[in-house]
Amino acid sequence: MEGLIMAGQLLLGLTILVGLHEWGHFIAARIFGIRVNKFYIFFDFLFPMPNVLNFALWKKKKGDTEYGLGWFPMGGYVDIEGMIDETKDASKLASEPQPYEFRAKPAWQRLLVMLGGIIVNIILGVLIFWGITYKNGDNFLSMEEVNKRGIVAYPVAQEVGLKTGDKIINVSGKSIKEFSDVMGSDVILGENVYFTVERDGQTIEIPIPNDIYEKLSDEDSEGFIDALHPFAIGEVSPDTPAEGVGLEADDRIISMNETPITYYHEFVDMAHKNAGKEVTLGVLRGSDTLNVSPTLSEDGKLGFIANPDLNYEHIDLSLGEAFVVGSGRAFSVITDNIKGFKKIFTGQVSAGKAIAGPVGIARRFYGGVWDWGRFMLITGMLSMALAFMNLLPIPALDGGHALILLYEMITGRQPSEKFMERTQQVGMIILLSLLAYIMFNDVIQAMF
């Protein structure tokens, strides 16, 4: 069931993103009087072979345009009259250009048509982040609250020298207000970062390796750090060991197999060590102490959502304030992608761990539970990421077309249609090779 939910979310997310991206090209073309022969969500052929298995799940002709839903769910396309793309080559453009064709329009109009999809993806991403930020406000955990007890250092953090109980004073010499900034991209994707921590009454500096993202990308990584906190049971999941022994909201687990438990990470560690086994839990319910004996699941789960004893701060935001904060968060997706690519090109992170395809996206981001709030957040993130990826100056991507058009606008010379066809073919080879690598990498990570 979890697999079906992940697939369903991915399919819906791709349909929204691809549909609106292609609509961006479509509407820009129509504004400039360019004929659009087809507007398809997903491909109605075996991509990238436009003449193989040509059929649509649904299609309807309206005016000059055929609208349809293809059977091959790897993207989508608009067939713009007079433009060389993955659906046509230069031989189909041998006649004199007509006024309604793409190639007959000024370079600046063609540039806006090519950037139309990217612009719409950016607008969508900003709108989603704006709406979520306005609805939820600004919720954060302050460093002052975290430093009342200190941090939990997971194995990766322990490797770099952090210890559970450390109190983070600043990051690279700068004071930090929110705990999320300690876990943010400036740290995980940053360069020459260091923490100043207080430990046993002393102040020491802990350098964070530039390849920390590589370590955190491992499937079995528990994470980096967390806030040290006691906890109570929140929601009990149905048909779980927790429900089976009668655990209730607000219960507090104070021991496992007679070993005292104060903090949540202690419970998680002990539960993992006793995965699949029957354990004895000491439970505080009000002023009463109970003993229950559940059998943990094979992955060491009891089946509840923990309520941490931490005081989160909340600030309501006006529409204007939410726009500033939300758009900043949206564009941070693009800057984070730039930082990530820099890590790959400098060898600090392997491409296999940093790049994900459809399977990886479904597993890492959407998850096996359908949560509309999470779905919209991930879709907003992917919309900004899609805009960034399409802007890369690779032939066959929008960014590649835009680069050639900029060259034409600067020099006043239009490349030949044969040149455009060759660059399109080179770009398709690059993209298909990259796609094959990503899909193979997704399958290997899912299996192992």
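# Close-up views of a predicted protein model

**Overview. Contacts across the whole chain.** Residues 24 or more positions apart make up 69% of the contacts in the protein chain with a separation of 6 or more. Contact here means heavy atoms within 4.5 Å. This is a predicted model: local features need pLDDT of at least 70, side-chain atom pairs count only at pLDDT 80 or more, and totals for chains, interfaces and linings use all residues. Residues are numbered from 1 along each chain as its sequence is written, and side-chain values use heavy atoms, with hydrogens and water left out. The protein chain has 15 helices and 18 strands. Helices (H or I, at least four residues) and strands (E, at least two) are DSSP runs, numbered from the N terminus. Of its 448 residues, 44% count as buried. Buried means under 20% relative accessible area, exposed means over 50%, and partly exposed lies in between (1.4 Å probe, protein chains only).

**View 1. The largest nonpolar core.** A nonpolar core is a set of buried Ala, Val, Leu, Ile, Met, Phe, Trp, Tyr and Cys residues joined through side-chain atoms within 4.5 Å. The largest one has 25 residues. L162, I168, F179, V182, F195, F224 and I225 have the most contacts inside it. Which residues does V182 touch, not counting residues up to four places away in sequence? They are M143, I168, V171, I176, V187, F195 and I225.

**View 2. Helix 9 and its pocket.** Helix 9 covers residues 264-273, and its buried residues are H265, F267, M270 and A271. These buried residues pack against strand 6 (151-153), strand 12 (231-236), strand 13 (252-256), strand 14 (259-260) and strand 17 (304-308). Helix 9 also gives the most to the lining of the second largest pocket, with seven residues. A pocket is an open set of points on a 1 Å grid over the protein atoms alone, with protein on both sides within 12 Å along at least five of seven lines. Lining residues have an atom within 4 Å of a point. The second largest pocket has a volume of about 610 Å³. Grid points are joined across faces, edges and corners, and a volume is the space filled by probe spheres set on the points. The pocket has 21 lining residues; Y264, V268, H272, K301 and F304 lie nearest its centre. Helix 9 and strand 17 are the elements that give two or more residues to this lining.

View 3. A cavity is a set of grid points where a 1.4 Å probe fits but cannot get out. How many cavities of 30 Å³ or more does a search of the whole structure find? The search finds one. The largest cavity holds about 210 Å³ of space. It is lined by 16 residues, and F102, R103, R110, Q414 and M420 are the closest to its centre. Helix 2 (107-136), helix 14 (398-411) and helix 15 (417-447) each give two or more residues to the lining. Helix 14 gives the most, with four residues.

**View 4. Aromatic rings.** Rings of Phe, Tyr and Trp (its six-membered ring) pair if their centres lie within 6.5 Å. Planes under 30 degrees apart count as stacked, over 60 as edge-to-face and the rest as tilted. The structure holds 19 aromatic pairs. One of them joins W71 and F72, edge-to-face, at 5.3 Å centre to centre with 70 degrees between the planes. W71 is partly exposed, because its relative accessibility is 22%. Ring pairs also link Y40, F43, F45 and Y77 into a cluster.

**View 5. Two strand residues, L57 and E66.** L57 sits in strand 2 (residues 56-62), and E66 in strand 3 (residues 65-70). Is each one buried or exposed? L57 is exposed, because its relative accessibility is 58%. E66 is buried, because its value is 18%. Not counting residues up to four places away in sequence, L57 touches L69, G70 and W71. With that same exclusion, E66 touches N37, K38, F39, Y40, K59, K60 and K61.
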